[in-house]
Amino acid sequence: MQLNPYLFYDGQCEAAFKLYSQVLHGEITAMMRYGDAPGCEDMSTETRGRIIHACLKIGELTLMASDACPPQHPYQRPQGISVALAVDSVAEADRIFKALVEQATVLQPLEKTFFAARFGMLVDRFSVPWMITCEKDV
């Protein structure tokens, strides 16, 4: 069995995955557009350019996503969920948080806590909530 987070964007899936692949040292293994799907003839040019499915391989894990397809499936901001990322060093936590914090809303600055060498929370420029944790003080 495999459990994969699946994120939805409002037309920014491609930009988000390009950033995440760079920051998280991942590989985009799929990036398909609505325009590539059968039955797209009646879609607007804008909708045809949106991403219908994307996969980002990060180590042994896969992050998946797509753009919402209005009006049938309008975009909704994520609520009640975060992408939790645990790293092995304080330097890596600092690097990733710094890369994601540009144009983001910081919910909790990245800092030492009673349970981790570093912990921070933010909502990135693409409206995705992140929790970055480094348990070890390395």
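**Exercise 1. Work out how many aromatic pairs there are, and classify F17 with Y20.**

Start with the rule: rings of Phe, Tyr and Trp (its six-membered ring) pair if their centres lie within 6.5 Å, and planes under 30 degrees apart count as stacked, over 60 as edge-to-face and the rest as tilted. By this rule the model has eight aromatic pairs. For F17 and Y20, the centres are 6.1 Å apart and the planes make 50 degrees, a tilted pair. Do keep in mind that this is a predicted model, where local features need pLDDT of at least 70, side-chain atom pairs count only at pLDDT 80 or more, and totals for chains, interfaces and linings use all residues. Residues are numbered from 1 along each chain as its sequence is written, and side-chain values use heavy atoms, with hydrogens and water left out.

**Exercise 2. Find what joins R33 to E14, and where each lies.**

First, the contact: a salt bridge, 2.7 Å from N to O (a side-chain nitrogen of Lys or Arg within 4 Å of a carboxyl oxygen of Asp or Glu). Then the location: R33 is in strand β2 (residues 27–33) and E14 in helix α1, 19 residues apart. Finally, R33 is partly exposed at 26%, and E14 is partly exposed at 25%.

Note on methods
Helices (H or I, at least four residues) and strands (E, at least two) are DSSP runs, numbered from the N terminus. Buried means under 20% relative accessible area, exposed over 50%, partly exposed in between (1.4 Å probe, protein chains only).
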